[in-house]
Amino acid sequence: MKIVIDSAIPFISGILEPFAEVVYVAGDSFTPQIVADADGLIIRTRTRCCRELLEGSKVQFIATATIGFDHIDMEYCRSHGIKVTTAAGCNARGVLQWVAAVLVMLSKREGFAPHQRTLGIVGVGNVGKLVKHYAEGWGFKVLCCDPPRQQREKLDFLQLEQLLPQVDILTLHTPLDSSTRGIIDSKMLSLLHDNAVVINASRGEVVCSSALLERNITCALDVWENEPNIDSQLLERAIVATPHIAGYSLQGKANATAMAVGALAEHFQLPLKGWYPEQCTPTTPKEIDWQELCQSISSYCNLENESAPLKNGDNFEALRDSYHYREEYF
């Protein structure tokens with residue numbers, strides 16, 4: 001059996017070698033020749049798994065050590081019997097803590113207490129549910145929009161057009177697919193009041209960059225359209241500007257690798273059930289009040305420091321690849 005693995009995935013070296021021939025390749029260097037005789041792939045978003053890569057190969061299993069799947073042609077994989085798994089939820093607490101750092105920054109910048117602001121959450125999945133839970137605990141009024149969940153579960157959520165006029169802060173936590181691409185466009189942004197803030201730690205293409213600039217919206221961005229070739233005007237405008245690292249926590253990365261290994265092991269019946277990187281201690285979830293959050297968050301996620309390199313012109317991809325993973329603490 002042969003497994004091809006993105007060489008940037010942490011903690012995985014040596015784990016599968018007792019059971020398979022393992023080849024490590026840079027994420028953007030996967031080729032049809034490399035995967036032709038592979039049984040399984042473990043990838044990140046830098047590898048596009050599509051017909052051009054997979055056609056004629058032996059690949060029967062793909063695990064992406066990421067929460068999203070927009071880099072994978074799911075229809076092609078379904079029609080060719082290729083099983084695909086993601087690491088959905090792996091870095092939810094890392095993203096939560098990045099969002100928490102933005103909320104603390106905004107409160108200090110604008111001089112508000114949480115009970116004085118309404119937070120709108122679009123996408124109430126693994127991350128959005130955590131943001132909702134903690135934000136309500138901190139005192140924010142929280143409104144939610146998630147059409148797929150609303151349809152499935154008959155929840156008390158709002159339509160996007162109903163939510164936007166009511167919120168002071170909008171935070172986005174949707175996957176990227178045909179229903180969410182460009183969903184926050186000029187028309188939708190026009191429904192926000194003039195002092196509203198947009199936070200995006202989902203996917204860059206969910207929000208129209210030109211519309212943010214046109215409306216002069218205050219924004220905190222971790223994700224961008226056309227990464228890594230991001231809009232210089234939007235970069236200058238953003239009060240927070242990080243290179244797609246909101247979920248780059250130590251535990252998030254360990255969780256993602258463990259989920260990918262576990263899924264591959266289950267598919268190929270390898271004795272690795274329950275494996276977790278010994279270099280990392282899983283997060284113990286706990287409640288944290290607003291005062292403690294304000295006092296502690298900058299020690300774990302200092303957004304001024306994290307934004308400075310990108311704003312100073314450093315290379316987006318290099319910053320992302322060399323990022324020092326943060327510790328989750330709640």
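Buried means under 20% relative accessible area, exposed over 50%, and partly exposed in between, with a 1.4 Å probe and protein chains only. Helices (H or I, at least four residues) and strands (E, at least two) are DSSP runs numbered from the N terminus.

This is a predicted model, in which local features need pLDDT of at least 70 and side-chain atom pairs count only at pLDDT 80 or more, while totals for chains, interfaces and linings use all residues. Residues are numbered from 1 along each chain as its sequence is written, and side-chain values use heavy atoms, with hydrogens and water left out.

**Helix H12**

In helix H12 (residues 290–300), the buried residues are Trp290, Leu293, Ser296 and Ile297. They span an arc of only 130° around the axis, taken from the directions from the helix axis to the C-beta atoms, and therefore lie on the same side of H12. An α-helix has 3.6 residues a turn, so residues three or four places apart point the same way. Gln291, Gln295 and Ser299, on the other side of H12, are exposed. The buried residues of H12 pack against H4 and H5, where contact means heavy atoms within 4.5 Å. At the start of H12, a side-chain oxygen of Asp289 comes to within 3.3 Å of the backbone nitrogen of Gln291.

**Helix H4**

Helix H4 (residues 92–110) is largely enclosed by the rest of the structure, because 16 of its 19 residues are buried. Gly111 follows H4 and has a positive phi, near 70°.

**Strand E6 and its partners**

In strand E6 (residues 118–122), 5 of 5 residues are buried. One side carries Thr118, Gly120 and Val122 and the other Leu119 and Ile121, all of them buried. From E6 the chain passes through helix H5 (residues 126–138) to E7 in a right-handed β-α-β crossover; right-handed means that, with the strands pointing away from the viewer, the path from the first strand over the helix to the second runs clockwise. Two strands pair if DSSP finds at least two bridges between them. E6 pairs in the parallel sense with strand E7 (residues 141–145) over 5 bridges and with strand E8 (residues 169–172) over 4 bridges. Leu119 has Val142 in E7 as its bridge partner, and Ile121 stands opposite Thr171 in E8.

**Loop backbone**

| Residue | Phi | Relative accessibility |
|---|---|---|
| Asn226 | about 60° | 53%, exposed |
| His244 | about 60° | 14%, buried |

Asn226 is in the loop between E10 and H10. The loop between strand E10 (218–221) and helix H10 (232–237) also holds Pro228, and the peptide bond from Glu227 to Pro228 is cis, with omega near 0°. His244 is in the loop between strand E11 (240–241) and helix H11 (250–268).

Key
A polar contact is a pair of N or O atoms within 3.5 Å; within protein, one must be able to donate a hydrogen and the other to accept it, and residues adjacent in sequence count only if both atoms are side-chain atoms.
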